[in-house]
Each structure stands twice: as C-alpha cells, then as structure tokens.
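Hi,

Here is the structure I said I would pass on.

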Amino acid sequence: MQPQLKQYGVREVTGFLNVDFAKVMKYMVVSPNATVLKQIQNDLSSQNCTVTSSGPFNLEVTANGRDKGMALQQFTERLGISLTATIA
C-alpha cells in the first residue's frame, strides 16, 4: 500500500494548524475513529477553510471559496469551452 500512496503524493501529516489554506486545493483526512475526525473538524473550524465529508471515515478540507464548481469554471476557461458543455 505504501508504494501506491507515495506514487500519488499521499503522505501522513501529523500537524495542520499552521497550514496556509489559501495554497491548498484540497486535502483529505482519513481515520476509522469518529472521535478523532470530530476533534480535527472542531480544530479546523477556526481556520480559513471549509470541512466537508463524503463518508463516515473522512474529512475533505479546502480553502474557503474553493469548490468543484470554481475549479470546473477555471478549467473550461483554460480550454476555451462552455461550462454548459460539461457534466460534473
């Protein structure tokens, strides 16, 4: 498992409270411990970020104001195609 994680740039982070979220596109926190995830979510609530979850064992952290819609809009502008020609 470790080689695959390294291949995709996944690494363990033990501290995140000094992260400049303006430079973060997105990162994911994974744990089987709901108490740990809730504590992390609480810790991040005062930071310049948005915390969501797509499952019971993860948190997804993005900078405030960053989302899939914004990314898709920027992507289509770079490619010179209409946003209405996409599916997300």
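Which element gives the largest share of the lining of the second largest pocket? The largest share comes from α3, with four residues. Before the rest, some ground rules: this is a predicted model, where local features need pLDDT of at least 70 and side-chain atom pairs count only at pLDDT 80 or more, while totals for chains, interfaces and linings use all residues. Residues are numbered from 1 along each chain as its sequence is written, and side-chain values use heavy atoms, with hydrogens and water left out.

The overall layout: the protein chain has three helices and three strands, in the order α-β-α-β-β-α from the N terminus on. (Helices are DSSP runs of H or I, at least four residues; strands are runs of E, at least two; both are numbered from the N terminus.) Of its 88 residues, 18% count as buried, where buried means under 20% relative accessible area with a 1.4 Å probe, protein chains only.

(On a 1 Å grid over the protein atoms alone, a pocket is an open set of points where a 1.4 Å probe fits, with protein on both sides within 12 Å along at least five of seven lines; lining residues have an atom within 4 Å of a point. The volume is the space filled by probe spheres set on the points, which are joined across faces, edges and corners.) It is lined by 16 residues, and M25, T62, R66, D67 and K68 are the closest to its centre. β2 (49-52), β3 (58-63) and α3 (68-79) each give two or more residues to the lining.

As for α3 itself, its end C-alpha atoms are 16 Å apart, which agrees with the 16 Å that twelve residues should span at 1.5 Å a residue (the expected span takes 1.5 Å times one less than the number of residues). T76 sits in this helix and is buried, at 3% relative accessible area. Beyond its neighbours within four places in sequence, T76 is in contact (heavy atoms within 4.5 Å) with I81, S82, L83 and T86. Just after α3, G80 takes a positive phi of about 75°.

Cheers

Terms used:
Buried < 20%, exposed > 50% of the residue type's maximum accessible area, 1.4 Å probe, protein only.
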